[in-house]
Structure formats: structure tokens, C-alpha cells
Amino acid sequence: MNLNSNSADCSLVFVFLLARFVGSGLNLSFSQFFIHLLDFLKIIFFNEIAILASFENKMQESSYLLELKNISKSFPGVLANDSIDLKISSGEIHALLGENGAGKSTLVKMIYGILKPDSGEIWFENKATSIKSPAHARELGVAMVFQHFSLFDSLTVVENISLGMNHQSNLKQLAKQITELSNRYGLPLDPDRHVYTLSVGERQRIEIIRCLLQEPKLLIMDEPTSVLTPQEVEKLFVTLKRLANEGLAILYISHKLDEIKSLCHDATILRLGKKVATVSVDTESTGSLAAMMMGEELQAFKHPDAIELGKIRLKVKNLNVKANDPLGISLKGINLNVRAGEVVGIAGVAGNGQDELLTVLNGENLNYQAGTIQIEAQTATKLNPNQRRLLGMASVPEKRLGHGAMPEMDLTDNAFLTAYERMSLIKRFLISYKKTRNFTQNIIKEYSVKTPNEDAPAESLSGGNLQKFIIGRELSQEPTILMVSQPTWGVDTGAAQTIREALRELASKGTAVLVISQDLDELMEISDRIGAICGGVLSRFYPTSEMNIEKVGLLMAGVELDLNLNLNSDQDQDQDKTKLQGNNINAA
Amino acid sequence: MDILIPAILTIITAATPLLFAALGELVTEKSGVLNLGVEGMMIMGAVIGFVVVHYTGSSVLAILASMLAGALLATVFAMLILVFHASQVPTGLALTIFGLGLSALIGQSMIGIAYDGIPKISIPVLSELPIIGEIFFHQDILVYLSLLMVIVVWWFLNKTRSGLILRAVGDSHDAAHAMGYSVFKIRLLATLFGGAMAGVGGAYLSLSYSPLWVEGMTAGRGWIALALVVFASWRVGRVLLGAYLFGGITILQLHAQALGIGIPSQVMSMLPYLATIVVLVLISRDKKQIKLNAPASLGKAFQPSR
């Protein structure tokens with residue numbers, strides 16, 4: 001039908017040109033006549049091509065907002081994306097599912113103009129588009145909320161948002177717009193606050209508001225819930241569903257299957273840079289999604305039925321630590337017992353004192369005001385990290401490069417640095433390299449660390465492999481107390497399972513294990529008792545069997561649990577929570 | 001009064017070179033670049049300014065040339081740290097040593113030549129006012145320029161979008177990059193501006209403060225300018241205050257000696273440096289202010305990740 005109107009156009013043009021050509025030809029010299037003839041032919045010819053092209057366009061026209069066709073991208077040594085196809089229409093929440101290193105981030109960066117594809121086409125609103133830069137992407141109507149927020153701590157909310165907008169705008173006007181928009185979508189935000197005073201949830205709101213202000217057609221969200229409490233997640237989902245109803249397309253990146261089940265319509269699954277499938281979420285189970293994501297069925301973790309609790313190995317009493325860093329968190333009245341044979345989990349939103357707690361417990365920070373720490377019934381309050389290690393304490397910090405391992409040093413040296421005393425790797429004041437090398441090789445073998453050899457620098461390992469190495473290094477020293485922060489952050493699902501099993505096994509051998517994590521599913525899975533840290537205050541600990549995600553979420557928000565609590569009427573608790581969060585901010 | 005007016009006048013002249021160099025360095029540091037080569041860029045400005053005024057007789061040309069000289073040296077620094085990702089601290093130190101050496105080479109034939117100094121500009125009517133007139137409205141163009149730059153830099157950093165972007169790059173280069181701002185371009189421009197300002201600061205020394213060329217005539221002023229930026233916790237108003245405070249202390253020894261106060265001149269020469277340390281210690285007690293104003297990515301190399 002389109003062809004008809006096009007050919008009608010064509011014949012009209014033809015008649016017009018012919019008339020002009022004939023008319024002008026009457027009083028022209030031969031050369032001019034010839035030039036006109038050429039012009040005429042040219043116009044006819046190109047007109048024909050244009051018509052053909054527009055016809056082709058119309059054939060491909062569809063209701064998709066964004067279409068990726070055969071997108072490939074490689075980095076030196078890695079094919080990050082291998083001819084990926086993806087289609088999203090307006091009003092759809094589309095999940096991009098995959099493990100770490102599956103190529104999700106690379107793909108999304110190409111849509112947002114940070115990277116350029118090596119081959120393939122990006123079609124936006126039915127036009128083949130080469131997205132040159134993030135600014136260009138924003139102009140087209142693509143907005144993105146990053147996993148690691150792109151925020152500037154020392155600037156205010158409105159300044160931050162203004163930086164993410166393409167067009168210069170009056171800050172006062174913008175502040176007004178922010179307040180309006182944030183009220184409309186239930187994302188309260190004060191435009192004049194400095195970012196460093198805000199909680200992580202509030203920071204994410206900045207990102208979302210910033211995106212919404214641009215009235216985007218497509219919103220990309222990169223693992224937005226990894227930093228939120230379950231209650232905050234719920235609120236976010238309500239907002240996202242509302243936005244989708246208003247016609248916004250959302251590309252939702254995650255590896256959390258439950259979230260995808262409850263939020264998304266369709267899911268595209270990536271594995272090792274290749275597209276596995278695009279499926280409708282409703283027809284799939286979390287199990288089948290996981291199988292597609294990992295290429296194998298995941299065996300459910302078996303929680304031991306009964307554990308035998310031994311003596312108290314780590315005892316912390318009334319610990320008060322004032323933050324060194326003005327933006328850090330002070331710890332207040334920390335009480336904690338960890339017994340032989342149990343895994344104790346500490347939940348909490350990032351930046352609520354987890355790092356501070358770990359560095360005080362492992363002896364890195366000896367600068368505290370009050371309280372005692374006992375290791376194996378010995379007072380260890382004033383002992384430095386090495387002395388604590390000799391008593392049997394091992395720790396794995398959250399930051400792997402630069403805290404858990406020296407980036408430029410090779411694995412052997414890194415193994416030596418924490419293990420030399422317990423494994424007696426020093427012989428007559430000199431490093432016994434033979435012994436150290438054997439020790440390192442054992443770690444690599446036993447924990448299947450992927451590395452060419454033990455001479456590779458720590459920074460050359462991927463995040464997951466380095467974590468396996470660091471945990472292996474600590475476990476091989478057979479500690480009686482092990483403290484781990486974010487044991488599986490950024491580790492792919494298979495390796496994460498191995499790490500969790502190793503921690504459980506260690507506990508069953510009589511080690512006291514303390515796990516600090518933001519991953520609630522993980523804590524629920526491996527810990528025997530669970531508590532949370534909020535604003536530097538540690539909650540009481542409850543047996544995991546009596547807890548669920550919602551209850552832990554309340555602990556994370558600083559609400560003390562009354563276990564008879566009716567969780568359905570949480571109107572008042574919400575108020576409590578906001579009050580408490582306000583306090584945290586003041587305290588910080 | 002007879003002592004006060006010349007004292008205030010000398011404070012202004014002592015403060016002006018510091019003000020230029022510190023304002024420039026402030027902008028550079030706000031973008032996240034720590035350029036320790038201020039001393040080197042200042043002295044290059046000083047020698048080039050003097051050479052140009054000697055051969056052309058034009059003080060305007062001399063000032064422009066000194067800006068260019070400072071900026072050129074800053075370009076070398078910027079290339080090393082932004083393109084080759086060299087560490088900023090040693091590169092800055094090398095820049096200072098390089099500048100001192102090169103300026104000595106260039107200025108070899110200039111030693112012992114005198115110059116009248118750039119002319120003072122009297123602002124009509126206002127300069128007739130008693131006391132104030134002589135202090136504020138009978139100065140050379142560089143003094144006026146330095147005070148104008150205080151306002152311009154403050155306005156630029158706090159009121160313009162470009163200033164906001166510059167501060168953002170200094171706060172988190174990764175976030176700025178993710179938003180599509182060119183960290184390289186912004187840092188390059190900020191470094192060049194810092195170099196040009198240090199160059200003018202140096203030119204003020206050889207064209208006005210003591211209009212002649214002496215090897216190493218900056219005498220550590222570049223370092224004081226660096227300290228000033230920290231002392232001012234990266235705030236423009238405080239840089240102004242600090243520059244005049246340090247200027248005042250520097251000049252104190254001359255007038256104290258003239259008055260016959262029996263303190264050894266060596267002790268007096270130590271004063272500005274001592275004051276720097278004391279003030280730094282006092283100021284750094286308020287960690288929150290520093291954390292809020294200090295560019296968080298100061299001195300960190302930026303390599304965009306994939």
C-alpha cells in the first residue's frame with residue numbers, strides 16, 4: 001500500500017521534471033542541454049533509490065523502540081559480545097540477565113554511547129543510529145542509572161543532577177523541578193543537600209530523578225537493587241512499574257532471579273558474551289532462568305540440620321569507636337559473640353559501619369575509645385593484626401585489590417604477607433620461597449583459581465578469581481576465627497557457591513565464622529544467626545530459622561525486632577525508620 | 001602613618017605574585033591535578049617576562065609572553081601526566097627543577113640589567129583620596145589584574161556550568177567520564193590556566209616587585225602558593241586572605257629591621273614558612289571543611305576503564 005503512494009509520487013516528479021526538461025531544452029545550447037539531461041537522469045535515478053530505501057524502511061518498521069542487531073564487541077583477548085540481538089518496545093520492562101562477565105555491562109555501554117560496537121547495528125525508533133556519546137544517547141532519549149553511582153560527593157543534589165543534563169539550566173528552576181518530580185513519584189529528595197550526607201537509597205533516587213528529568217524513552221538500570229534494603233526495593237519496583245505503565249521502556253540488568261520474576265516482562269539471557277535466549281518471564285521458573293544463565297543446574301545449598309556449638313571464640317563487649325574520617329561511621333556499643341561451629345551473618349546497607357567494624361576486629365584500627373575484644377578468651381584489645389592472626393584470627397576485607405591483596409605483587413608474595421607466621425614461611429630471617437611457592441600452588445589448586453601460575457600479579461586476576469585466592473589463602477591457614485566481608489561480591493554464581501560451601505565446611509570443623517554481607521539471600525542461606533548493622537549500631541542477633549527477608553530488612557533500617565511483631569502493619573515502622581535514618585545522617 | 005602606607009603598599013606587592021600563582025593552582029587542583037611545578041612555572045614566567053621587556057620594551061607583550069611561558073611548561077606537565085599517566089608528584093617536582101635550570105640558562109645575559117618597572121596606573125579622582133587613594137588606586141596593572149582574577153575565578157568556579165564541570169571532574173573523574181565529560185580536556189585546560197597564572201605571578205616579580213633578573217629569584221614563592229591553596233582549603237576568598245597574610249609576614253622583616261627591632265633577619269625570613277605550618281595545622285583540625293572542599297580525586301591518574 002505504501003508502494004502505491006510512492007510510485008504515484010515518483011510519476012508526479014517524473015512528469016514535472018520532463019516538462020521542465022523539455023521547456024528548457026528549447027532555447028538552450030547543446031552543452032547546456034547535455035548537462036540538464038545528466039541532471040535529469042541523476043534526479044530520476046536517486047529518486048528511485050530513495051523510494052526503494054523508504055520502502056525497505058517501511059517493510060522493517062515495527063513497534064520496537066530499540067533494536068540491536070548482531071552487535072559484537074571485543075577487547076584485547078576477550079570477545080565481550082558475540083552478535084547479540086535485543087528488542088525492546090515502549091512500556092516494556094526487559095530484563096538483561098547474566099552472570100558477571102557475561103557481557104551485560106559492555107552491551108549496555110554501547111547503547112549508552114560509552115563504547116562503540118565493532119560490528120552490528122543499533123536501531124532506535126526505527127532508524128539505524130550510531131550512538132556517538134552519552135550526550136548523544138541522552139538526546140535520543142536513552143537514560144541510564146549506573147550500578148556504581150556517578151555522583152559527586154562534595155556537590156549538592158541539584159548540582160549533581162545539572163551535570164547529567166545536556167542543556168544548561170538555571171539551578172533554582174531545576175531545584176523546583178526536582179522537588180516536583182520527586183513528590184510525584186514518591187522519591188523524596190532535598191535538592192540542596194550535599195550528596196555525602198545522603199544514604200545509598202537516597203543517592204539512587206538522585207540518579208533516577210536525573211534520568212526522569214530528561215523525559216527519556218528508554219531507561220537503563222544496572223543492578224539497581226544491590227545497594228537497597230528489601231523495603232526500598234519494593235518501593236523502587238512500584239515506581240518502575242508506574243513508569244512503564246506511562247510508556248517508558250526499561251532495560252533492567254540483574255542477576256537476581258526473584259526480582260526479574262516479579263518485575264520484568266521479557267528477559268534476554270547472556271552467557272559468556274553470547275545470547276542464550278529471549279524468553280517471556282511468566283513462562284519460566286527461576287530455576288529454568290538460572291539454568292540458562294549458568295548453563296548448568298545449580299544445586300541447592302544444603303543447610304545443616306543441627307549444629308553443635310562450641311565455646312565462644314570471639315567476644316566483643318561494648319566497643320565504641322569514633323570515626324577517624326569525618327565522613328566515616330562511628331561504631332557505638334558493639335556487642336558480639338561468635339562461637340565455634342557457627343556462622344554469624346551481619347547484614348546492612350553499604351556504608352553503615354561494616355568496614356569500620358572489620359578493621360577494628362582484625363586489629364587494623366586500634367584507636368578506639370572503649371570496649372574489649374577477646375579472642376579465645378584472651379584479651380586482644382591492644383593486639384595488632386599479626387598478633388591476632390597468631391591467635392587464630394583471619395580476615396578477608398571487602399576491597400580485594402589494595403586491602404586484601406597488593407595489586408602489583410605476585411600471588412606468592414601476597415600469600416606470604418598474611419601467612420608467614422602461621423605457616424612459618426620464614427627461615428633464619430629470610431623468606432623461604434620454596435615453602436611459600438608450595439603453599440601458593442596448593443591454594444591455586446585447591447580453590448581452582450584461574451591463573452597462569454603463581455607468579456602472576458594479583459591485579460591480573462579477575463575479581464572472582466582473586467576472591468577465591470584470598471579466601472583460599474586465609475582458609476589454608478586453618479584459622480579458628482574467620483571474618484569475611486562481602487565474600488561473593490562480584491563473583492559468578494558457580495564460584496560463589498563454592499565459596500559459601502567452603503565457609504560452611506570451615507564452621508563445621510569448629511571455626512567461628514563471621515560474614516558481613518549486603519546479599520541477604522546469601523546470609524539467609526549460610527548463617528546460623530543473623531543481625532544487621534545500621535549507622536554504626538549492631539542489632540541483636542536472631543536465629544536464621546526465625547527470620548525472613550522482611551525482618552532482616554527492618555534490622556538493616558535500624559528497627560529493633562520484637563519477634564511477635566506483626567509485619568503487615570508496617571505503617572508506623574516506616575516512620576520509625578525514616579526517623580532513624582535521619583539520626584544516622586546527623587551522626588555522620 | 002609614614003610607616004603604615006609604605007608597609008601596606010609593600011604587602012600588596014609581596015602578596016600579588018602569590019595570589020596569581022595560588023589562584024592558578026587552585027583551579028588546577030580543583031580539576032584533580034596536583035601540579036607541584038608552580039615554582040618552576042613562576043620562574044619561567046619571570047625570566048621570559050624580563051627578556052621580552054628588555055628586547056621589546058613593551059610590558060604588555062612581556063606579560064603575555066610570561067603567561068605563554070608558564071602555560072608551555074604546564075603543557076609539558078599535562079602531557080606527561082594526562083597522556084603518559086606519569087605520577088603527578090615526581091613529575092611536578094621535576095618540572096620545578098627543570099624550570100629553575102632552564103630559566104638560569106635563558107637569563108644568563110640578563111644579569112645586572114635594570115628595568116624601570118611597569119608603569120603604575122592611577123585611577124582618576126579615586127587616587128586623589130587620602131591614604132586609600134595611594135594604597136588601592138595607584139597600582140600597576142598586574143595588581144588590578146590579580147584582584148580581578150579573584151572575582152573571575154570565584155565566579156567561574158561557583159556560578160558557571162563550566163566551573164561546576166571542572167569541580168565535578170576533580171571530585172570523581174570516573175563519574176564525570178561516565179557522564180560523557182572529557183576528563184582529559186578539562187584537566188588540560190585547568191593545568192594550562194594554572195601555568196599561565198604562575199607565569200604572570202613570576203613576571204610580577206621580575207617586572208614590578210624587583211625589576212631585574214636574578215637567578216632563582218622566586219625564592220620558594222611557588223611552594224608557598226601551593227601551601228596557600230591547602231591553607232585556604234580550596235576556597236577563593238581564603239586564598240586572597242592567605243596571600244595577603246603571607247605577603248604581610250614576608251614584608252614584616254624589612255620594616256622590622258628598618259625600625260631597628262633586634263630580631264635576627266634569618267628568624268624573620270623563617271616567619272612566612274612557620275606561619276604556613278602553624279596555619280595548616282590549625283586549619284586541618286576542621287576535617288569536614290577539608291573533605292567538603294578538597295577535590296577527592298586530587299593527584300590520582302585517570303585511565304578510563306572499559
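The model is a predicted one, in which local features need pLDDT of at least 70, side-chain atom pairs count only at pLDDT 80 or more, and totals for chains, interfaces and linings use all residues. Residues are numbered from 1 along each chain as its sequence is written, while chains are lettered from A and ligands numbered from 1 in the order in which they are written.

B:Ala175 has its place in helix α8 (residues 173-178) of chain B, where helices (DSSP runs of H or I, at least four residues) and strands (runs of E, at least two) are numbered from the N terminus. With 22 other C-beta atoms within 10 Å, B:Ala175 is buried, since a residue counts as buried if 20 or more other C-beta atoms, placed from the backbone, lie within 10 Å of its own, as exposed if 12 or fewer do, and as partly exposed in between.

From this residue we can turn to the meeting of the two chains. In total, 19 residues of chain A are in contact with 18 residues of chain B. On the side of chain A that touches chain B, α4 (134-140) and α5 (157-163) each supply at least two residues, and the largest share, three residues, comes from α5(A). That side of chain A divides into eleven nonpolar, six polar and two charged residues, where Ala, Val, Leu, Ile, Met, Phe, Trp, Tyr, Cys and Pro count as nonpolar, Asp, Glu, Lys and Arg as charged, and the others, Gly among them, as polar.

The two chains can next be described one by one. Chain A has 19 helices and 23 strands, and buried residues make up 41% of its 588 residues. Chain B has 13 helices and two strands, and of its 306 residues 46% count as buried. Among contacts in chain A between residues at least 6 apart in sequence, 67% join residues at least 24 apart; in chain B, residues 24 or more positions apart account for 79% of the contacts with a separation of 6 or more.

Within chain B, the packing of helices can be followed from α2. The axes of helix α2 (residues 38-56) and helix α4 (residues 88-106) of chain B come within 7 Å and cross at roughly 20 degrees; axes are lines fitted to C-alpha atoms, for helices over the stretch in contact, and angles run from 0 to 180 degrees between N-to-C directions. The two helices are therefore roughly parallel to each other, given that angles under 35 degrees count as roughly parallel, over 145 as roughly antiparallel, 65 to 115 as roughly perpendicular and the rest as oblique. The residues of the contact of α2(B) with α4(B) divide into eleven nonpolar, four polar and one charged.

A further partner of α2(B) is helix α10 (residues 221-231) of chain B, and the axes of these two come within 7 Å and cross at roughly 130 degrees, which makes α2(B) oblique to α10(B). Here B:Val38, B:Glu39 and B:Met42 in α2(B) meet B:Arg221, B:Gly222, B:Trp223, B:Ala225 and B:Leu226 in α10(B).

Some loops of chain A complete the tour. Most residues other than glycine have a negative phi. A:Asn126, although not a glycine, has a positive phi of about 65 degrees and is found in the loop between β4 (119-124) and β5 (127-129) of chain A. With 15 other C-beta atoms within 10 Å, A:Asn126 is partly exposed. A:Phe429, in the loop between β17 (426-427) and β18 (430-431) of chain A, has a positive phi near 65 degrees, and with 5 C-beta neighbours inside 10 Å it counts as exposed.

How values were computed: Contact = placed C-beta atoms within 7 Å.
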